[in-house]
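The sequence and the structure are shown first, and the description follows.

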Amino acid sequence: MGKKWFVPSILAMLACFAIPHPGEAEAPSISRGKETFEKRCGGCHSLDRDKEGPRLRGVYGRPSGSVSSFNYSTVLKSAHITWDAESLDKWLTDPDKVVPDTDMAFHVDKADERSDIIAYLKELSGR
């Protein structure tokens, strides 16, 4: 009687490890990041041309306020931030907390969406 329950018990136990559990973060996804970027950021930003915000291809690893064709706020030009995963996450969470009086009022509330967008921007920067 014990043997016939062994295999189903093992399979059930293994299934627990395969199912994502609430609160566990998924690895960042470049494809989700592209989709989220296009939906959430594309109104003001483009990858290769300035719009209401500066072009963002190559932003990962770039100093803040350094795209010469874009008219940044004075505070952002003098912020001396190098955009990396940590600084971009803080920026996307609350731009005004990172650089008070910046012109960007938009923010991304969900950590997984920020991680995906950052992974996408990092990939585009060849890093």
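## The largest pocket

In this predicted model, the largest pocket has a volume of about 580 Å³. Its lining comprises 30 residues, of which His45, Gly53, Pro54, Trp91 and Met104 are the closest to the centre of the pocket.

Three helices each supply at least two residues of this lining: H2 (30-41), H4 (85-93) and H6 (111-124). By residue class, the lining of the largest pocket consists of 19 nonpolar, 7 polar and 4 charged residues.

## Overall architecture

The chain contains 6 helices and 0 strands, and along the sequence it reads as α-α-α-α-α-α. Of the 127 residues in the chain, 31% are buried.

## Helix H6 and its packing

Helix H6 has 14 residues, and the distance from its first C-alpha to its last is 20 Å, close to the 20 Å expected at 1.5 Å a residue. The buried residues of H6 are Glu113, Arg114, Asp116, Ile117, Ile118, Ala119, Tyr120 and Leu121. Against which helices do the buried residues of H6 pack? Their packing partners are H2 and H4, two helices that also contribute to the lining of the largest pocket, as does H6.

Ser115 also lies in H6. With a relative accessibility of 31%, Ser115 counts as partly exposed, because values between 20% and 50% define that class. Just after H6, Gly126 takes a positive phi of about 70 degrees.

## An aromatic pair between H2 and H6

The model has 3 aromatic pairs. One of them is formed by Phe37 and Tyr120; the pair is tilted, with 5.7 Å centre to centre and 55 degrees between the planes. Phe37 lies in helix H2 and Tyr120 in helix H6, so this pair ties together parts that are 83 residues apart in sequence.

Are the two partners buried or exposed? Phe37 has a relative accessibility of 4% and counts as buried. Tyr120, at 6% relative accessibility, also counts as buried. Both assignments follow because buried means under 20% relative accessible area.

## Spatial relations across the sequence

Ser115 and Ala85 are 30 residues apart along the chain, and their C-alpha atoms are separated by 8.1 Å. Glu26 and Ser115 are 89 residues apart in sequence, with 9.6 Å between them in space, C-alpha to C-alpha. Glu26 belongs to the loop between helix H1 (6-18) and H2, and at 61% relative accessibility Glu26 counts as exposed.

Ser87 lies in helix H4. With a relative accessible area of 12%, Ser87 is buried. When residues up to four places away in sequence are not counted, Ser87 touches Ile81 and Thr82. Further along the chain, Val98 is 11 residues from Ser87, and the C-alpha atoms of the two are separated by 8.4 Å.

Most residues other than glycine have a negative phi. Which residues have a positive phi although they are not glycine? His80 is one of them, with a phi of about 55 degrees. His80 is found in the loop between helix H3 (74-77) and H4. At 71% relative accessibility, His80 counts as exposed.

Asp101 likewise has a positive phi, of about 65 degrees, although it is not a glycine. Asp101 is located in the loop between helix H5 (95-98) and H6. With a relative accessible area of 63%, Asp101 is exposed. Both residues fall into this class because exposed means over 50% relative accessible area.

Technical notes: Residues are numbered from 1 along each chain as its sequence is written. This is a predicted model: local features need pLDDT of at least 70, side-chain atom pairs count only at pLDDT 80 or more; totals for chains, interfaces and linings use all residues. Side-chain values use heavy atoms; hydrogens and water are left out. On a 1 Å grid over the protein atoms alone, a cavity is a set of points where a 1.4 Å probe fits but cannot get out, and a pocket is an open set with protein on both sides within 12 Å along at least five of seven lines; lining residues have an atom within 4 Å of a point. Grid points are joined across faces, edges and corners, and a volume is the space filled by probe spheres set on the points. Helices (H or I, at least four residues) and strands (E, at least two) are DSSP runs, numbered from the N terminus. Ala, Val, Leu, Ile, Met, Phe, Trp, Tyr, Cys and Pro count as nonpolar, Asp, Glu, Lys and Arg as charged, and the others, Gly among them, as polar. The expected span of a helix is 1.5 Å times one less than its number of residues. Buried means under 20% relative accessible area, exposed over 50%, partly exposed in between (1.4 Å probe, protein chains only). Contact means heavy atoms within 4.5 Å. Rings of Phe, Tyr and Trp (its six-membered ring) pair if their centres lie within 6.5 Å; planes under 30 degrees apart count as stacked, over 60 as edge-to-face and the rest as tilted.
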